[in-house]
Amino acid sequence: MIKANDRSNKMAPFVPAEDDDLIICRCEEVTKGEIRKAVHEGMYTLPEVRRYLRCGMGLCQGQTCGKLVKGIIARELGVKPSQLEAATGRAPMRPTELKIMGSEKGGA
Amino acid sequence: MEKAADVLIIGSGIIGCATAYYLAKKGAAVTVLEANDSIGNGGSSRNGGGVRQSGRDPRELPMVMWGIKNLWPYLDEELETNVEYTQKGNLRLGKTAAHLKTLQKLTDGAVACGLDVRMISGDEVRKINPYLSNEVIGASWCPTDGHANPLTTTLGYFKSARRLGVRFITGEPVTLIKKEKGRAHVVVTPDGTFEAEQILVAAGYETRALTEPLGIDIPMRKKKSECLVTEAEPPMFEQMLGTAEADFYGHQTKHGSFVFGGSTGLEMFGIDDGPAQRSTSLSAPCTCRGIMKYFPALSDAKIVRTWAGWTDASADGIPVIGPADGVPGLYIACGFTGHGFGIGPAAAYSIAELMTGGTPPVDMEPFRCTRFKAKI
């Protein structure tokens, strides 16, 4: 994993690409271009990009787009995707109604 | 030691990022060191987003009132980031006579400080927010309170500070602050050392271990706070909500999700799982029950995510902000006790003024680190 990380390191300037309009996070409708731009604005980790753009914060919690987002960030930073840590998975793994989560009785 | 700066900031939460931003605006060369891999990974990214004056300790009211008047309304533009600031008031709800007594006391204290906050009846509450259950018999109402998005606010300050040339280094835990000729001057990390004319420690509870060897021990405890967020729902209300009982608080965000936090009463005794900050099995269910008592209509709303974070609860419930008395060159901002987000921009602005010889907009005396005394 990448540890010490200077956020002022020189990065190649942002160049718009033809597929920047491609929707990567379908739940929150976040595009490839938005993710690439976020990296250029200093967001180098998956938690930062997720917090900044909401990709991976929708109904599927990034189970669909997580790998794609990681790949885009890695390419922009010029590192391998395996060098980036995934964003933390959060309970519940499937959307759950308040009345079920709040029940102490076992079963809805 | 080529790693020199005018100011070194330890911690990249909202305080670290915003102070770096305001200092850079004044022309200072600033370096921010963050132990975690991600910027703002502590309470700044884990709180419920309240930008609130009502319900606060009167000692912090002038500072937060100043921030809400002078900084929050302009943050979107200033940071070129959508911080989702919404100033539609705060309802602090009560269901029993004892609750109303608690709320009345808080309200009286705030009114004495010049805040527009008043007690209203259950019917008046439901005029403002028709979804609240009939169990609510009254509330305190502060129309100038509100909420914002803590994630984009913290990262917005980071982005803008970085744009002004602030150097941010993540994954760089500070192990020691050293004095030179009587002044705090050198910061040690596993990778090397950094020198600066001034050092600000804004590292939440971890501040304690860094300033204690220099003779300043801030009495505080780590307390876990937990939140949850629902799927997007149609727009229902825009106020920030809290309760006298502190069983839940929250708001509906711009994209429709409800963010709610709550407390089980056992926070002070949780397991210390360090940076993992795992959610506990008790908290979300308890918060759900709290929400449903006030908002029966939300029983079918689905929770998509829960999370937890450490707050730095100071011995007297308000933060330490200012110079580390007795250690020239060292400044401290910690102990925000779970309500540091709304006051964050004003606190950071004030520290930046202090560190550059300016005049902070409010009296900083209540936040002095020397205020903690033995009882006899």
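Two strands are taken to pair if DSSP finds at least two bridges between them. Helices (H or I, at least four residues) and strands (E, at least two) are DSSP runs, numbered from the N terminus. The structure is a predicted model, in which local features need pLDDT of at least 70 and side-chain atom pairs count only at pLDDT 80 or more, while totals for chains, interfaces and linings use all residues. Residues are numbered from 1 along each chain as its sequence is written, and chains are lettered from A and ligands numbered from 1 in the order in which they are written.

Strand 11 (residues 192–201) of chain B runs parallel to strand 1 (residues 4–10) of chain B, to which it is joined by 6 bridges. Within this pair, A4(B) lies opposite E195(B) of strand 11. Strand 11 of chain B also pairs with strand 10 (residues 183–189) of chain B, here in the antiparallel sense and over 4 bridges. V188(B) has T193(B) of strand 11 as its bridge partner, and strands 10 and 11 of chain B are linked by a hairpin through 2 residues. A parallel pairing over 3 bridges connects strand 11 of chain B with strand 18 (residues 330–334) of chain B; in strand 18, I332(B) is the residue opposite V201(B).

Chain B is divided into domain 1 (4–48 + 151–219 + 316–371) and domain 2 (88–145 + 221–314), with bounds that come from an automatic or database domain assignment. The centres of the two domains of chain B, taken over C-alpha atoms, are separated by 29 Å. Contact between them involves 19 residues of domain 1 of chain B and 16 residues of domain 2 of chain B, two residues being in contact if their C-beta atoms, placed from the backbone, lie within 7 Å. The side of domain 1 of chain B that touches domain 2 of chain B has 8 nonpolar, 9 polar and 2 charged residues. In this classification Ala, Val, Leu, Ile, Met, Phe, Trp, Tyr, Cys and Pro count as nonpolar, Asp, Glu, Lys and Arg as charged, and the others, Gly among them, as polar.

Helix packing within chain B was examined for helix 2 (residues 61–70) and helix 9 (residues 344–355), which pack at an angle of about 100 degrees with their axes 8 Å apart. Axes are lines fitted to C-alpha atoms, for helices over the stretch in contact, and angles run from 0 to 180 degrees between N-to-C directions. The angle makes helix 2 of chain B roughly perpendicular to helix 9 of chain B; angles under 35 degrees count as roughly parallel, over 145 as roughly antiparallel, 65 to 115 as roughly perpendicular and the rest as oblique. M63(B), V64(B), W66(B) and G67(B) of helix 2 meet P345(B), A346(B), A347(B) and S350(B) of helix 9. This contact has 6 nonpolar, 2 polar and no charged residues.

In chain A, the axes of helix 1 (residues 32–40) and helix 2 (residues 46–53) come within 10 Å and cross at roughly 120 degrees. Helix 1 of chain A is therefore oblique to helix 2 of chain A. Their crossing is right-handed; a crossing is left-handed if the near helix is turned anticlockwise from the far one by less than a right angle, and right-handed if clockwise. E34(A), I35(A) and A38(A) of helix 1 meet V49(A), Y52(A) and L53(A) of helix 2, giving a contact with 5 nonpolar, no polar and 1 charged residues.

Two backbone features were found in loops of chain A. R54(A), in the loop between helix 2 and helix 3 of chain A, has a positive phi near 80 degrees. A cis peptide bond with omega of about -10 degrees joins A91(A) and P92(A), and P92(A) is placed in the loop between helix 3 (66–77) and strand 4 of chain A. Most residues other than glycine have a negative phi, and most peptide bonds are trans.

The contact between the chains takes 36 residues from chain B and 27 residues from chain A. On the chain B side, helix 6 (150–163), strand 8 (167–170), helix 8 (283–294) and strand 16 (302–314) each supply at least two residues. This side of chain B divides into 16 nonpolar, 9 polar and 11 charged residues. Strand 4 (residues 96–97) of chain A runs antiparallel to strand 16 of chain B, with 2 bridges joining them, and E97(A) stands opposite K302(B). The axes of helix 2 of chain A and helix 6 of chain B come within 8 Å and cross at roughly 115 degrees. These two helices are therefore roughly perpendicular to each other, and their crossing is left-handed. E48(A), R51(A) and Y52(A) of helix 2 of chain A make the contact with L151(B), T152(B) and L155(B) of helix 6 of chain B.
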